[in-house]
Amino acid sequence: MAKADILGDSLWDAYSDKVTTLMNNPLHQGELFQGEVEKRGHTLIVADFGAESCGDAVRLYWEIDPETDKIIDSKFKSFGCGTAIASSDVMTELCIGKTVQEAVKITNIDVELALRDTPDVPAVPPQKMHCSVMAYDVIKKAAALYMGVEVESFEEEIIVCECARVSLGTLQEVIKLNDLKTIEEITDYTKAGGFCKSCIKPGGHEAREYYLVDILADTRREMDEEKMKAAADAQAAGGSNFEEMTLVQQIKAVDAIIDENVRQFLIMDGGDMEIIDIKKSDEYIDIYIRYLGACSSCSTSATGTLYAIESTLKEKLSSNIRVLPI
Amino acid sequence: MQVYLDNNATTMCDPLVVEAMLPYFSELYGNPNSLHKFGTASHGAISKAIDQVYTAINAADSDDIIFTSCATESNNWVLQSVFTDHIVNGEKNHIVTTEVEHPSVLATCKFLEEQGVKVTYLPVNDQGTVEAHTVNSFITDKTALVSIMWASNETGMINPIAEIGEICKEKGVLFHSDAVQAVGKIPVDLQAVHVDFISFSAHKFHGPKGIGALYIKDSQALSPLLHGGEQMNGRRSGTLNVPFIVGMGLAMELATKEIEKTMAKIRAKRDHLEDELVKLSDTFVVGNRDNRTPNTILISIRGVEGEGMLWDLNNGQIGASTGSACASEDLEANTVMLAIGADNELAHTGIRLSLSRFTTDEEIEYTINHFKKAVARLRAISSSFAKQQPTKGGEVQESELH
């Protein structure tokens with residue numbers, strides 16, 4: 001919130017002139033009837049999307065030339081607010097003259113762009129962007145009916161934010177690449193969640209399959225896991241970044257090196273060792289160990305064995321390592 | 001012609017009220033708490049306004065009526081201070097209210113729930129009113145407060161406040177009523193019914209915006225919401241808003257002095273408008289109008305989405321309202337419509353028309369005419385009235401509903 005938001009926008013004032021004009025006088029409002037379309041040797045497709053009980057509903061009519069798959073004429077009927085009616089009108093306009101295969105590529109973003117007065121000013125305020133999504137949905141449905149396929153076959157990816165058409169894959173990628181931590185950042189980078197806000201979290205205007213809050217949490221968790229895995233891999237590979245590891249990671253790394261190179265010899269002699277602590281000073285990384293079993297009383301523990309342990313760790317992990325038996 | 005039929009949202013400030021307020025801006029501007037004559041110069045006018053307000057709702061001299069900034073403040077005050085006095089510093093932990101209260105009650109209750117208070121949201125019947133026996137059955141030993149609106153802003157339906165008051169009195173539970181839509185519209189007699197607190201607001205009865213009041217029966221204890229100076233005996237601090245108090249007093253007197261007559265006039269216009277509109281097919285009005293504020297109609301028009309209808313009315317210079325809130329981020333159906341058990345289908349089609357004593361017969365005729373035209377136009381566009389049925393498989397699938 002800031003000065004510009006104190007009063008809040010007047011919703012209808014944010015509509016483009018085109019939205020207003022088409023709401024008042026939609027050009028393609030009406031119906032196409034089976035008998036008449038058949039008489040012209042064409043195919044009629046009529047598809048519904050939405051319902052009165054949801055607050056908006058649209059019925060799309062296509063008269064298609066079966067020879068060319070071209071949409072010869074299109075009409076709509078709509079139960080909805082001004083932007084729903086204007087969006088439906090532009091949708092039919094965009095369909096006319098296209099083949100069904102071309103029409104199915106029309107998205108809600110095309111519909112919104114076609115409603116703009118000037119290319120860089122949105123035709124509707126953010127919370128109304130949603131009205132154009134139905135246009136996209138009903139076109140896909142009509143095309144599926146005509147082509148005899150499932151609607152899902154047109155969807156190549158999972159769309160999380162329908163208003164801005166942002167896919168799950170894009171969101172995950174953008175979060176990872178830019179290390180995004182908040183929903184606001186996601187909206188800034190992708191526009192997802194910036195319109196009707198349904199996709200942000202449950203409880204919005206409509207229920208969604210995926211929510212930004214969950215995607216963010218899951219992706220962050222994945223990122224953390226990847227980081228940990230990378231650290232573990234580095235440690236397994238010899239720990240080139242030993243000094244940046246957390247204490248637990250350092251202990252594990254030291255343990256792994258000991259396991260691989262030293263412990264077997266100690267055990268052969270009836271002894272063993274354990275790591276007590278790791279402390280970092282300006283000059284050294286001090287690894288405190290304790291000998292167990294036979295080692296604790298072995299005279300070489302303080303000389304040859306110690307030297308072997310220290311040099312192995314120095315070689316594999318860090319040249320600053322100093323091993324101190326206690 | 002332009003017609004304002006959104007008087008449940010706010011009203012025109014009566015020019016007589018404005019005139020009465022004017023001297024208290026630049027002439028008699030003293031702070032009434034000052035000792036000098038600049039301060040005391042407005043005491044007469046304030047006393048008169050207090051008299052006007054007490055008379056209008058027949059409050060007893062032993063009661064308090066405290067001026068606030070709005071009814072939202074009054075509602076917050078009661079709920080938050082009952083919470084402080086009887087829940088935080090007492091043995092109670094429960095509040096009873098309804099599903100259809102104004103957001104200033106509902107949102108405050110939600111806030112209190114977050115603080116650990118148990119809140120019961122009572123349903124309403126098909127008339128949009130809460131039933132007294134329902135209230136009775138939900139009051140427990142732990143109930144600190146019952147808060148139920150006197151009349152609904154959406155439907156105008158009037159709750160059985162007298163009966164609920166008796167129940168609360170008998171059970172020893174505090175009773176608050178948000179009377180914003182009742183005061184100035186219907187008779188409110190606080191010596192005839194038992195209510196501990198009522199909230200009301202001047203701009204709903206042709207007074208200025210920015211002033212409301214809280215009635216407190218028998219001057220009973222209620223911690224202040226606003227702490228500060230000792231204005232109004234410390235009950236509500238902040239320099240007295242003299243011109244607005246003067247305006248509220250007069251507005252209240254004008255609205256209530258011959259309320260039966262005024263109601264009859266408004267009711268006649270409202271009934272005529274309603275009778276004409278329900279002649280349209282597939283429409284219904286919520287609630288029996290004998291139990292409704294005389295100025296309100298909430299009408300559902302099948303196949304016509306509320307915001308679309310508002311748009312067309314606005315094009316005809318008619319200001320009305322919809323509860324369906326297509327505009328809001330949570331594009332929810334009208335909660336009142338849903339609460340009264342209306343079909344989901346009709347919950348997005350509600351249009352509220354609310355008249356005032358300034359509404360004229362000509363305006364009503366104009367509205368009837370324009371309303372019918374708008375319905376005809378929008379139904380011609382509406383998918384609900386389309387004739388050609390969808391292609392097989394093109395019907396709406398369950399999975400597409402949201």
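Which residue of β7(B) stands opposite His176(B)? In this predicted model, local features need pLDDT of at least 70 and side-chain atom pairs count only at pLDDT 80 or more, while totals for chains, interfaces and linings use all residues. Residues are numbered from 1 along each chain as its sequence is written, with chains lettered from A and ligands numbered from 1 in the order in which they are written.

His176(B) stands opposite Phe197(B). Strands β6 (residues 174-178) and β7 (residues 197-201) of chain B pair in the parallel sense over three bridges; pairing requires at least two DSSP bridges, and strands (E, at least two residues) and helices (H or I, at least four) are DSSP runs numbered from the N terminus. In chain B, seven strands form an open sheet of mixed pairing, in the order β2-β8-β7-β6-β5-β3-β4. Its edge strands, β2 (64-68) and β4 (118-122) of chain B, each pair on one side only. The twist averages 20° from one strand to the next.

Helix α6 (residues 103-114) of chain B packs on this sheet, touching β3 (94-98), β4, β5 (143-147) and β6 of chain B, and its direction makes about 150° with that of β3(B). Helix α8 (residues 161-171) of chain B touches β5 and β6 of chain B, at about 160° to the direction of β6(B). Angles run from 0 to 180 degrees between N-to-C directions, with axes fitted to C-alpha atoms, for helices over the stretch in contact.

Between the chains, 40 residues of chain A are in contact with 33 residues of chain B (C-beta atoms, placed from the backbone, within 7 Å). The largest share of the chain A side, seven residues, comes from β1(A).

Note on methods. Contact = placed C-beta atoms within 7 Å.
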